[in-house]
Every structure is written in C-alpha cells, then in structure tokens.
Amino acid sequence: MTNILSRIGPGMMLAAVGVGVSHLVYSTQAGADYGLSLLWLIIAVTLIKYPAFRFAVDYANATGESLVRAYGEISKLALVWLMAGFVVDTFIATSAVAMVTAGLFINIFDISYSPPQVAIAITFFSAIILMNGQYAKAENIVRSLVLVFSLLTLAAVLFALPILGSNDRPIFADIDINLELSLFVIAVAGWMPMPTNGAVLFSKWVCEKRKLNAAEFKDEVAIRDFKIGYFLTLFLAVCFVVMGTAVLFETGRTVPVTPPEFASELFRVFTETIGQWSYPIIASAGLAVMWSTLIALMDVMPRLTDRLSGIMTGRHKDLPDRYKLFSAIQVTGIVIILLFLLSSFKAFLYFATSVGLIAAPTIGYYNYKAITSPKIPEKYRPKPSLVIWNWACIIIMTMFAIGFVYTRIAV
C-alpha cells in the first residue's frame, strides 16, 4: 500500500486544489438552493474541462517541461494571459482559500480573532512548513490530507443519504431562469472542479514528481495518477451536492457567505440533522479540504512564478530556483489583500471565479497548441476524439464567458 501511494502525488495535488471552495462552498450551495437539479451541470463542466488537463500531463510526459515553457514558445500574448492567471491564483484565489480555511479554524477551535487575522496566521504557518522548497514535503502533506478528507466526506455522505428527501421534501427544484441562477451557473462553470489554468499547475507537479522518482513515475503512471486525482474531484463534488440536498434543501435554512458564519451554519445543520456525534467527521473533512488546497497553492505558485519570470527574463533554467523569494512575495501579497482590500468576501470570491471563467477558453486553446506543436512526438499527440472534445470545451466555455460579460454589462 505504501509503495502504491508513493507512486501517486501530482493527482493528489490536483485534487487538493480542485476540492476546495468549488466543492465545500459551491457544490454544497448547489444542493442547498437547487437540490439535485444542478448535479448534471457540475458533472458536465468537470467533464468538459478534462482535455485541457489531459494535455498538461501529456505535454509534461513528452517534454519534461511544464506548460509555462510551452506558453513562452507560443507567443508573448500567451505569457501575458498566463501572468494574469498567476496573479489571480497567487494572490486572490489563495487569499480566498485562506479566508475559508480561517473560518473553519475559528468555528472548530472557537478562536476569538478576526477571520483576516487567523487567515494571515495560517498563511504564515503554511509558508514556514513549505519554506525549504521541497516538493516532496508538500506532496506528503497534501496526499495525507486528501486521503483523510476523501474518506471523511464519503462517510458523511453515507450518513446523509438516509435523510435525502425526508419529511416528504423534494430532491429537485423547480428551476426559474433568472439573474441569480445565471450568476451561480457562471461561478460553477468558472471554478468547477477548478479554473482551467489549474492544468498549468498540474504540469509543474508532474515535472517535480519526475525529478524525485523518474524510474517509477513513467508516462502511463503519470496518466493514471492524473485520472485518479481528476475524477476524485468529480466524485467528491457529487458527494457535496448530495449532502447539501439532504441537509439543507427545502429546510428554510441558507448557507451564509462569510467564512466563519458559513462554517458555523454548515457544521450546525449537519450535526443537527445527522447527529452531534458526526461533528468531528464533518469538521475534520472540511478543515482537511481547505487546508490541503492552501498548501497545494502555496507550494506550486512560487515555483511557477519563478519559472515564468525566468522565461520572460531569459534566466537559465539550470540556475538555483528562487522558491523562497517568490513564496515571500506571495505571502506579502496575501497579507496586504486580507488586511486592506477584502471589503466584501462574496464579491472577492466571485471576482476570482469570474476571472477563471473568462480565461478558460484561451487556456484550452493554448494547451491544445502546446500538445500539437512540432516538437511533440507523435505518440503523445491527442487522438481526434480528444481534439474534438477540447474544441467543444473551448466553444462552451466561450459561451459561458460571453454570458458573464453580458450579465455585467446589460443586466
């Protein structure tokens, strides 16, 4: 068992980033507000984005490089898109994750400090753990947390299933197309299971894993590892929708959007419905979900930013990495956001998801360009079915992006 676990890693990092705000907040809210009526949307969006992520592992297998190098070879405009996405992920998305994690800590341990203060403390603590810059340490931590929250989430949903539709409650909602629903669908499309620029993150983790264990982490192992991580995010998204439907839909309760209130209400409803004995399971699962996301983002973004800046400035890749420098820059930016720029958490979170949505079609196109470039050997090139699948993703995500812009301008 230990030998099997040692061969996987990037997929667990992918699952850690995916199973975060998108699942704990949006999947639960989908069940709470709409029952199982939007379950198809969550499944569809996750499947639609699959090719963009599959191209990432194929590119890393073929070249030994992350997609950052591919974007540098495509065009300067591609690097600009990538840089914009990195700014969001490095500072804004990571700050949002830190705030949700802080809300869980505050509720579980009854901490009297404010959410930004607790978020800053968690950020510093996580940075200290990762400061030696070793990917192996982050992988071990995240792999353990992912296994924990997967098992705990499965246990929680099994306990919630008997009350699904209890007291003659329906499990499907009567859907009315309105602005509120449109905005929620846009948010889900943008961050379910994660923004498509998560594919760039994944390609970097594959490269780091190969450096550690190239003999065992071969092409087929890397692909299998990716599929395990990616479809684990889909399975857990379904679990959170089912739990949200079972304990919240048609009960008159709503889930608040501020982190401490969200955690408090979520835990209270689950324990009241399932039983007080379930509190340790629900609380531990939620905390493992969010902290693993934070650890994964704080590990990979300094690595990618270092590589991106090196490509843009012509710095040789064999020079010592500057992980600690960019980690310090990330922590500084998060502290500034949490202390001075976080006026509305809901608007803050919505901005992060919206940026991910707008970038999705472009990321899908650039990943396709990367895996079909002349330097990619034939055996790594995508099959026609996967190419068609990817173009469908680009078209659909473009429609979502246009819908988002329309709601911002015309509504």
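Mentor: I329 is partly exposed, because its relative accessible area of 39% lies between the two limits used here, under 20% for buried and over 50% for exposed, with a 1.4 Å probe and protein chains only. This is a predicted model, in which local features need pLDDT of at least 70 and side-chain atom pairs count only at pLDDT 80 or more, whereas totals for chains, interfaces and linings use all residues. Residues are numbered from 1 along each chain as its sequence is written, and side-chain values use heavy atoms, without hydrogens or water.

I329 belongs to helix α15, residues 323–341, where a helix is a DSSP run of H or I with at least four residues, numbered from the N terminus. Between I329 and G103 there are 226 residues in sequence and 24 Å in space, C-alpha to C-alpha.

Searching the whole structure gives three cavities of 30 Å³ or more, a cavity being a set of points on a 1 Å grid over the protein atoms alone where a 1.4 Å probe fits but cannot get out, and its lining being the residues with an atom within 4 Å of a point. Volume is the space filled by probe spheres set on points that are joined across faces, edges and corners.

The largest cavity comes to about 170 Å³, and among its 17 lining residues V17, W191, M194, P195 and L297 are the closest to the centre. Two or more lining residues each come from α2 (10–18), α3 (21–34), α7 (76–109), α11 (198–213) and α14 (279–313), with α7 giving the largest share, three residues. By class, 10 of the lining residues are nonpolar, six are polar and one is charged; here Ala, Val, Leu, Ile, Met, Phe, Trp, Tyr, Cys and Pro count as nonpolar, Asp, Glu, Lys and Arg as charged, and the others, Gly among them, as polar.

The second largest cavity holds about 120 Å³ of space. Its lining has 13 residues, and L24, F240, M243, I282 and A285 are the ones nearest the centre; the elements that give two or more residues are α3, α9 (135–160), α12 (219–247), α13 (259–274) and α14. The largest share of this second lining, four residues, is from α14, and the classes are 10 nonpolar, three polar and no charged residues.

Next come the rings. The structure has 17 aromatic pairs, that is, rings of Phe, Tyr or Trp (its six-membered ring) with centres within 6.5 Å, called stacked when the planes are under 30 degrees apart, edge-to-face when over 60 and tilted for the rest. One of them is the tilted pair of Y34 and F184, 5.7 Å centre to centre with 35° between the planes. This pair joins distant parts of the chain, since Y34 sits in α3 and F184 in α10 (residues 179–191), 150 residues apart. Y34 counts as buried because its relative accessibility is 12%, and F184, at 7%, is buried too.

Another tilted pair is Y365 with W391, at 6.2 Å centre to centre and 55° between the planes, and this one links α16 (residues 345–371) to α17 (residues 384–409) over 26 residues of sequence. Y365 has a relative accessibility of 34% and is therefore partly exposed, and W391, at 34%, is likewise partly exposed.

Y50 is part of an aromatic cluster that also takes in F53, F202, F226, Y230, F231 and W389. Helix α5 (residues 50–63) has 14 residues and spans 20 Å from first to last C-alpha, close to the expected 20 Å, which is 1.5 Å times one less than the number of residues. Of those 14 residues, 12 are buried, including Y50, F53, R54 and D58. Just beyond α5, G64 has a positive phi of about 75°.

Conventions: 1 Å grid on protein atoms, 1.4 Å probe; cavity = no way out; pocket = protein on both sides within 12 Å on 5 of 7 lines; lining within 4 Å.
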